[in-house]
Amino acid sequence: MSVTLPGPTLGVVGGGQLGRMLAEAASPLGVDVVVLDPTPDCPAARVADQIEGDLDDPEAVRELAERADVLTFEIETADPELLADVRAETGTPVHPDPETLAVTGDKLREKETLAGAEIPVPEFVPAGSPAAAETAVERFGGTMLKARTGGYDGRGNEPVTDTANAEQTLETVGGDAVAEELLDFDRELAAIGVRGADDETRVFPVTETIHHEEILRGTVSPARVDDATRERARAVVEQVLAELDGRGVFGVELFDVDGEILVNEIAPRPHNSGHWTIEGAATSQFEQHVRAVLGWPLGPVDRIAPTASANVLGDVAEPGPATLSGVDAVLSAPDASLHWYGKREARPLRKMGHLTVTDPGAEDATDALTTAESLRERLTFTE
């Protein structure tokens, strides 16, 4: 296709931090962004136009489609059936494909799709009843119960090792779950895969992700694994891209188990594990998503420097106005960058921003990670 500027308008279902960073990446490309979000003055509204409305409101989604040349989404609670209906009514393309959102939004369907394509995943079984959950605990000697829909940032994921606790744990995750084997993995990895026009695919460098209490706290790129493990991980992400429809970026979470790579979960959108690409890669995951969904040429995915990231989480006991202190330390540090998500309220463990540290000339990101974690400790929300 021939690209001309000013560019088209991109409609985004969801106006949180991912929508905000998409708009920030789209602006230099001459692409206007309109977001749909129910929160007045949502984070993305500071850098994009906002339609205030519920994500499952047909009229609001239709208005978004009528104002945009292409639709995408930054949140998996978007309604895939509604997006497909609005696409048919208005002729506005939706990327990635709503059917892909339907698959990845249901953790049982996701695992069944991957397993059917012979993509390696942990052992799993449906757990839609207390009896099924108890059987899974017995089968696996302990299991991770995951809500089929709606879970994020560790919410909806609960381990259970005793059949006596299976029923209560199932209720905790929502009563309908997929049960996976509890893995003794060496580390968690992730990679951002991209599909553009004409089914062109690219994979960003494999990254190590650091979690605590099921919440992503930071990333290290390059991942601290050998080249063979990185290549196996990249190959698995290529397999995943071959099974999912539509253009865009896909965050693929992985387990490294003695060098074997298993797929944990997939997000058909920019992903927290790819935030390091803003400073650390030749093209950020956000710019890449904009290019891909519009059918524009993809950018290079090369890492330009070893890079570590650290998430800035709400360290408050109770919700309150978001006032971050200690920012001077990050701004004064060489090769450090701070990203503020524009959320008005700090809540316990809520993702409020992130920082990255690059280490040009280094062989790995060990020192960058130490610096990033040290800087994060300097940041706190005043109550």
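How much space lies in the second largest pocket? In this predicted model, the second largest pocket holds about 240 Å³. Here a pocket is an open set of points on a 1 Å grid over the protein atoms alone, where a 1.4 Å probe fits, with protein on both sides within 12 Å along at least five of seven lines. The volume is the space filled by probe spheres set on the points. Lining residues, with an atom within 4 Å of a point, number 13 for this pocket, and Asn311, Leu313, Asp315, Arg376 and Glu377 are the closest to its centre. Two or more lining residues come from each of β15 (307–313), α12 (366–378) and β21 (380–381). Strand β15 gives the most, with three residues. Helices (H or I, at least four residues) and strands (E, at least two) are DSSP runs.

The structure holds 27 salt bridges, each a side-chain nitrogen of Lys or Arg within 4 Å of a carboxyl oxygen of Asp or Glu. One joins Arg62 to Glu89, with the closest N and O atoms 2.8 Å apart. Arg62 lies in α2 (58–67) and Glu89 in α3 (80–90), so this pair ties together parts 27 residues apart in sequence.

On the surface, Glu134, Glu138, Glu167 and Glu171 gather in a patch of negative charge. Patch residues have over 30% relative accessible area (Shrake-Rupley, 1.4 Å probe) and no salt bridge, with like charges joined within 9 Å. Helices α6 (130–140) and α7 (166–172) each give two or more residues to the patch. Glu171 sits in α7.

Residues are numbered from 1 along each chain as its sequence is written. Local features need pLDDT of at least 70 and side-chain atom pairs 80 or more, while totals for chains, interfaces and linings use all residues, and side-chain values use heavy atoms, without hydrogens and water.

Technical notes
Patches are made of residues with over 30% relative accessible area and no salt bridge: like charges are joined within 9 Å, nonpolar side chains (Val, Leu, Ile, Met, Phe, Trp, Tyr) within 5 Å. Lys and Arg count as positive and Asp and Glu as negative; His and the chain ends are not counted. The place of a charge is taken as NZ of Lys, CZ of Arg, CG of Asp or CD of Glu.
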